Number of protein chains: 2
Amino acid sequence: MHVNVVLNKTTSKDYSVIIGPLEKLVFETKVMIITNSTVAALHLSNLQARIEAKELHTLILPDGEMYKNFESLNLILNACFEHRLDRKSILIAFGGGVIGDMTGFAASIYQRGIDFIQIPTTLLAQVDASVGGKTGINNDYGKNLIGSFWQPRAVYCDSAFLKTLPKREFAAGVAEIIKMAVTFDKAFFEWLESHDLFDEDNIKMAIHKSISIKADVVSQDETEQGIRAVLNYGHTFAHVIENQTHYTTYLHGEAVAIGIMMANALAQKLGLLSHEEVLRIQALLERYALPTHYAIDDLETFYDAFFLDKKSANDKITFILAKGIGGHVMRNNIPKETVLEALKDLNA
Amino acid sequence: MHVNVVLNKTTSKDYSVIIGPLEKLVFETKVMIITNSTVAALHLSNLQARIEAKELHTLILPDGEMYKNFESLNLILNACFEHRLDRKSILIAFGGGVIGDMTGFAASIYQRGIDFIQIPTTLLAQVDASVGGKTGINNDYGKNLIGSFWQPRAVYCDSAFLKTLPKREFAAGVAEIIKMAVTFDKAFFEWLESHDLFDEDNIKMAIHKSISIKADVVSQDETEQGIRAVLNYGHTFAHVIENQTHYTTYLHGEAVAIGIMMANALAQKLGLLSHEEVLRIQALLERYALPTHYAIDDLETFYDAFFLDKKSANDKITFILAKGIGGHVMRNNIPKETVLEALKDLNA
């Protein structure tokens with residue numbers, strides 16, 4: 001199975017997402033694999049055996065979101081210089097979203113841009129992070145606030161890597177799958193309600209469907225001037241939760257699950273979702289043991305934190321809300337009181 | 001006068017280079033001026049008086065190529081975060097090539113890319129660096145090895161700023177003007193032979209002509225897959241000279257002047273330029289007191305340094321050579337011996 005990501009720009013070339021067992025990759029140029037210590041221990045020799053290149057180098061970074069920073073970015077860039085990678089060289093991001101985002105960012109600024117390939121090893125990265133070309137690092141001010149749009153040359157999604165994934169991380173990826181179903185595809189949501197994603201055939205199908213949705217959205221709006229922002233459903237809230245819990249309590253997908261519930265409470269208050277629909281989405285999230293509740297300490301502080309988020313331009317917050325299951329709407333004119341009331345109801 | 005830079009990409013918007021007195025600039029968004037201490041002392045209040053914005057901030061960096069590094073980049077990014085610039089905010093690069101390259105790079109990676117405007121205050125930046133969207137910083141491995149392609153929203157070239165420019169810096173800009181005439185436009189070269197660029201009307205005309213040539217080349221090849229590389233005429237040699245002299249002996253344009261002479265010696269050896277043409281180009285460079293000779297300490301070491309340059313892919317060096325005055329050719333198959341002989345002749 002594969003999905004084509006078709007882009008409008010002449011310099012962002014179209015690329016394929018290949019879903020299936022990873023086969024031999026042959027390059028005539030220098031190649032460097034960027035991975036982390038966890039993935040390296042499990043799968044690196046397997047990947048190295050499948051790659052033929054002019055020179056093959058590997059850089060192993062420590063594992064974790066706290067290493068998604070300028071220091072790691074510089075480790076990648078310095079390794080590129082040490083091995084004298086040139087403009088035709090290729091980086092391979094081999095890991096989850098953190099490795100993918102940092103490798104893509106390094107590729108985008110090394111010698112003003114070289115190619116990179118994504119081989120995501122987590123479900124979250126396979127269904128979401130590795131497709132679409134968003135790259136970046138975190139800093140003291142927040143997540144992904146420094147980065148670029150830089151499309152990979154290809155993405156290889158092999159579900160074999162998911163077998164070694166902890167159940168909690170698997171579920172975090174499911175949250176992003178549910179996110180796409182709720183906002184874009186009612187039939188897919190209903191399919192999810194009646195299929196178990198721990199089944200291998202089912203997860204392959206869900207990966208394919210999620211990537212197809214994402215590729216379609218990215219093709220329409222590569223740099224998030226419009227519809228691409230819908231993929232941030234749940235994320236405006238999730239970023240505040242992650243920030244307040246210092247990125248240690250929840251995995252990104254878990255925070256998104258809670259963020260979806262918060263967005264839904266607001267959507268229900270605005271008459272966009274019925275109570276029954278809210279419960280159906282909650283039930284699907286909880287089936288994968290995803291958290292659906294977060295105790296907000298102080299509502300005003302929580303609200304103010306939205307304005308630290310990069311998605312706010314000119315002091316207006318854009319909320320991405322489900323409009324029935326399978327639909328979406330973007331609103332930047334919701335009164336503060338309405339948002340606070342929705343969160344208060346949820347907090348009660 | 002103005003020149004339109006027409007680009008193919010849908011996300012790199014076309015933009016104008018406005019040549020003439022700077023008029024009032026009005027913005028509905030937050031704006032931050034990035035400049036250096038030298039330019040700030042001479043012209044900052046003048047610029048600030050002409051800008052109307054939602055909020056106007058200013059960051060003054062130390063002056064000099066040695067500050068074109070990660071630390072300065074982070075100073076710019078942190079100032080963006082401190083003032084809570086959003087995705088609609090605009091950076092203004094107010095200075096020479098160093099300020100322009102760093103500001104453009106910061107703009108390209110702050111929140112995955114915001115707009116910036118170039119107001120170049122040196123001749124070199126007006127005729128070359130500020131147009132075309134090459135951004136970057138230096139590091140231990142060389143010049144501009146980390147960066148991006150990021151086009152400005154507009155470029156304003158006001159020759160009034162050139163009045164405070166030291167004569168040596170003015171001449172360094174003239175080297176880039178001569179570079180474009182030699183490789184692209186014989187009539188312009190002949191016009192330069194018969195006109196004094198210290199005359200204000202003449203320099204305005206030369207700026208306009210140079211920008212027109214550059215805009216045309218960039219429009220054809222924004223990311224330097226082909227013809228844009230011709231703008232590196234003289235630069236392959238210049239980068240080695242700058243590196244060997246630790247960027248302290250020569251201004252960039254001065255190193256380019258010497259590099260042009262080295263490229264021409266090679267072109268003459270290959271029958272692409274006549275001895276008379278070489279002398280005409282040398283005479284034009286020397287009229288502006290530009291250096292045309294560099295004593296190479298060791299030819300082998302000099303040659304090896306080409307391979308540290310980012311323009312080399314797969315261990316082949318591409319030389320940009322003049323083919324008669326007004327023409328150019330790119331060659332990646334010149335034997336090492338031929339290059340060494342040409343440099344040896346020049347060194348004799």
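A salt bridge is a side-chain nitrogen of Lys or Arg within 4 Å of a carboxyl oxygen of Asp or Glu. With that cut-off, this structure, which is a predicted model, holds 32 salt bridges over all chains.

Begin with A:Glu242 and A:Lys143, which form a salt bridge whose closest N and O atoms are 3.1 Å apart. This pair links distant parts of the chain, since A:Glu242 belongs to helix α8 (residues 235–244) of chain A and A:Lys143 to strand β10 (residues 142–149) of chain A, 99 residues apart. Both A:Glu242 and A:Lys143 are buried. Another salt bridge joins the side chains of A:Arg168 and A:Glu254, at 2.6 Å from N to O, and it too links distant parts of the chain, with A:Arg168 in helix α5 (residues 167–184) of chain A and A:Glu254 in helix α9 of chain A, 86 residues apart. Here A:Arg168 is partly exposed, because its relative accessible area is 46%, whereas A:Glu254, with a relative accessible area of 5%, is buried.

A further salt bridge brings together the side chains of A:Lys209 and A:Asp185, at 3.3 Å from N to O. Because A:Lys209 lies in helix α7 (residues 200–220) of chain A and A:Asp185 in the loop between α5 and α6 (186–193) of chain A, the pair ties together parts that are 24 residues apart in sequence. A:Lys209 is partly exposed, with a relative accessible area of 32%, while A:Asp185 counts as buried at 16% relative accessibility. Salt bridges also link A:Asp128, A:Glu176, A:Lys179 and A:Lys214 in a network.

From charged side chains we turn to nonpolar ones. The largest nonpolar core has 81 residues, and those with the most contacts inside it are A:Val17, A:Leu123 and A:Phe302. Helix α9 (residues 252–269) of chain A gives the most to this core, with 11 residues, and the core draws at least three residues from each of domain 1 (2–164) and domain 2 (171–347) of chain A. Residues up to four places away in sequence set aside, A:Phe302 touches A:Phe237, A:Val240, A:Ile241, A:Gln244, A:Met262, A:Tyr294, A:Ile296 and A:Leu343. A second, separate core, which has 80 residues, includes B:Val155, B:Ile213, B:Tyr250 and B:Ile260.

After α8(B) comes B:His246, which has a positive phi near 55°. In another helix of this chain, α7 (residues 200–220), we find B:Asn202, which is buried, with a relative accessible area of 15%. Apart from neighbours within four places in sequence, B:Asn202 is in contact with B:Trp191, B:His195, B:Asp196 and B:Leu197.

Aromatic rings give another view of the model. A search of the whole structure finds 29 aromatic pairs over all chains. The rings of A:Phe70 and B:Phe70 form an edge-to-face pair, because their planes stand at 85°, with the centres 5.6 Å apart. This pair crosses between chains, from helix α2 (residues 70–82) of chain A to helix α2 (residues 70–82) of chain B, and both A:Phe70 and B:Phe70 are buried. B:Tyr303 and B:Phe307 are also edge-to-face, because their planes are at 65°, with ring centres 5.8 Å apart; B:Tyr303 counts as buried at 7% relative accessibility, but B:Phe307 is partly exposed at 26%. In chain A, ring pairs link A:Phe237, A:Tyr250, A:Tyr294, A:Phe302, A:Tyr303, A:Phe306, A:Phe307 and A:Phe319 into a cluster.

Charge and ring finally come together between the two chains. The charged end of A:Arg112 sits over the ring of B:Phe149, 6.0 Å from its centre, and the charged end of B:Arg112 sits over the ring of A:Phe149, 6.0 Å from its centre.

How values were computed
Residues numbered from 1 in each chain as written. Chains lettered and ligands numbered in written order. Predicted model: local features only at pLDDT ≥ 70, side-chain atom pairs only at ≥ 80, totals over all residues. Heavy atoms only, no water. Core = buried A, V, L, I, M, F, W, Y, C linked by side-chain atoms within 4.5 Å. Buried < 20%, exposed > 50% of the residue type's maximum accessible area, 1.4 Å probe, protein only. Helix = DSSP H or I, 4+ residues; strand = E, 2+ residues; numbered from the N terminus. Domains from an automatic or database assignment. Contact = heavy atoms within 4.5 Å. Phe/Tyr/Trp six-rings, centres within 6.5 Å; stacked < 30°, edge-to-face > 60°. Lys NZ or Arg CZ within 6 Å of the ring centre and 35° of its normal.
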